[in-house]
Amino acid sequence: MERFHVLPACGHPRMFNRMVGGEDALEGEWPWQVSIQRNGTHFCGGSLIAPAWVLTAAHCFSKEEGIHKPALSVSTSDISIYQVLLGALQLQQPGPHALYVRVKRVESNPQYQGMASSADVALVELQVPVTFTKYILPVCLPDPSIVFEPGMKCWVTGWGSPSEQDRLPNPRILQKLGVPIIDTPRCNLLYSRDAESDFQLKTIKDDMLCKVGHHSKGRACWREDLCEAKGDSGGPLVCLVDQSWVQAGVISWGEGCARRNRPGVYIRVTSHHKWIHQIIPELKFQGRASSQQQRRDPRGWQHLGNSAPCLAAHAVMLTLVVMLSIL
């Protein structure tokens with residue numbers, strides 16, 4: 001297995017899939033994706049952010065899963081049942097590039113208060129730091145200078161169930177989906193449609209963002225997505241920023257699974273920058289580059305940076321050419 005003697009930059013997978021619209025991921029395409037397992041069974045996703053640290057959702061470690069009481073740090077007596085699978089494309093037979101590592105400790109954000117609350121993030125420390133390979137690499141975490149605007153096309157990955165009734169069929173290949181972020185007012189509006197009597201306005205808190213699929217006629221729907229309720233929780237929502245993959249959100253919650261007008265809800269990583277830094281002070285965060293150039297998403301979407309500097313330079317060159325021709 002190829003190993004890196006110099007730590008590679010975050011957010012730069014060594015393999016890319018240029019096909020848009022597929023569901024199965026390719027080996028090495030999302031090398032930060034991990035499977036968090038309890039007693040050898042996958043129950044949540046996560047993302048590798050440093051050699052010994054994984055970012056995931058706090059509700060994955062709630063004392064009573066399904067009831068979603070506030071998460072607490074996992075006790076020493078319970079920690080032995082958890083492990084993290086890295087470098088795997090599929091769960092049934094992870095393959096020669098995969099690696100299992102035991103969990104040393106879990107730190108849940110103390111502000112988390114239960115299902116659908118703010119601060120649904122946790123940090124998992126591995127017993128030993130992992131060696132980076134083409135199949136095991138960290139994703140970049142954003143500092144607050146990066147803003148993930150509505151309409152920005154991002155990607156979510158996981159091994160969760162494709163529907164409320166079905167389990168991801170064997171060999172349980174990692175799934176991917178690329179869709180745009182939607183703004184908070186629209187997300188709240190969708191959740192208010194056909195809402196149950198206990199629906200609370202402003203369900204989407206300040207540290208949350210939403211992602212939604214699109215019906216063939218342009219109507220917002222939730223027929224295309226991963227399933228937060230069944231195995232995708234804690235996984236990453238990543239966006240291409242200045243040619244690096246940066247994690248915008250952590251899969252947190254949704255109403256049911258793949259229901260129409262029920263977008264998936266994610267915790268904004270930038271909202272918890274200070275807390276993450278307190279736990280991992282040596283972690284470096286990705287900031288916005290000072291200048292942007294035209295770039296292309298390896299999955300087929302094109303992004304345009306600020307073109308004003310290029311246009312100004314072009315105008316100066318034209319002026320010089322005209323002056324020289326007069327002389």
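A residue counts as buried when its relative accessible area is under 20%, as exposed when it is over 50%, and as partly exposed in between. This scale is applied below to a model that is predicted. By this scale A116, with a relative accessible area of 22%, is partly exposed. The place of A116 is in the loop between β5 (99–108) and β6. Its backbone deserves attention, since most residues other than glycine have a negative phi. A116, although not a glycine, has a positive phi of about 70°. A second residue with such a backbone is N39, for which phi is near 55°, a positive value in a residue other than glycine. N39 lies in the loop between β1 and β2. With a relative accessible area of 60%, N39 is exposed.

Strand β7 (residues 153–158) is joined to β8 by six bridges, and the two run antiparallel. Here T157 stands opposite K176 in β8. Strand β8 is also joined to strand β9 (residues 208–211), in this case by two bridges and again in an antiparallel arrangement. The bridge partner of I182 in β9 is C210. Strand β8 (residues 175–182) is largely enclosed by the rest of the structure, because seven of its eight residues are buried.

A search of the whole structure finds four disulfides, and three of them are described here. The disulfide between C187 and C210 has an S to S distance of 2.0 Å. The torsion about its S-S bond is about -75°, so this disulfide is left-handed. Because C187 lies in helix α1 (residues 184–192) and C210 in strand β9, the pair ties together parts that are 23 residues apart in sequence. Both C187 and C210 are buried.

Another disulfide joins C44 to C60, with the sulfur atoms 2.0 Å from each other. The link of C44 and C60 is left-handed, because the torsion about the S-S bond is about -95°. The pair connects distant parts of the chain, with C44 in strand β2 (residues 41–50) and C60 in the loop between β3 and β4 (82–86), 16 residues apart. C44 is buried, at 3% relative accessibility, and C60 is likewise buried, with a relative accessible area of 2%.

The disulfide of C10 and C140 also has an S to S distance of 2.0 Å. With 100° about the S-S bond, this link is right-handed. Its two ends lie in distant parts of the chain: C10 is in the segment before β1 (33–38) and C140 in the loop between β6 and β7, 130 residues apart. The two cysteines fall into separate classes of accessibility. C140 is buried, with a relative accessible area of 1%, whereas C10, at 22% relative accessibility, counts as partly exposed.

A search of the whole structure finds one cavity of 30 Å³ or more. The volume of the largest cavity is about 100 Å³. Its lining comprises 13 residues, of which G28, W30, P31, G87 and A88 are the closest to the centre. By residue class, the lining of the largest cavity divides into eight nonpolar, three polar and two charged residues.

Conventions:
Residues numbered from 1 in each chain as written. Predicted model: local features only at pLDDT ≥ 70, side-chain atom pairs only at ≥ 80, totals over all residues. Heavy atoms only, no water. 1 Å grid on protein atoms, 1.4 Å probe; cavity = no way out; pocket = protein on both sides within 12 Å on 5 of 7 lines; lining within 4 Å. Points joined across faces, edges and corners; volume = space filled by probe spheres on them. Nonpolar A, V, L, I, M, F, W, Y, C, P; charged D, E, K, R; others polar. Buried < 20%, exposed > 50% of the residue type's maximum accessible area, 1.4 Å probe, protein only. Helix = DSSP H or I, 4+ residues; strand = E, 2+ residues; numbered from the N terminus. Pairing = 2+ DSSP bridges. Disulfide = S-S within 2.5 Å.
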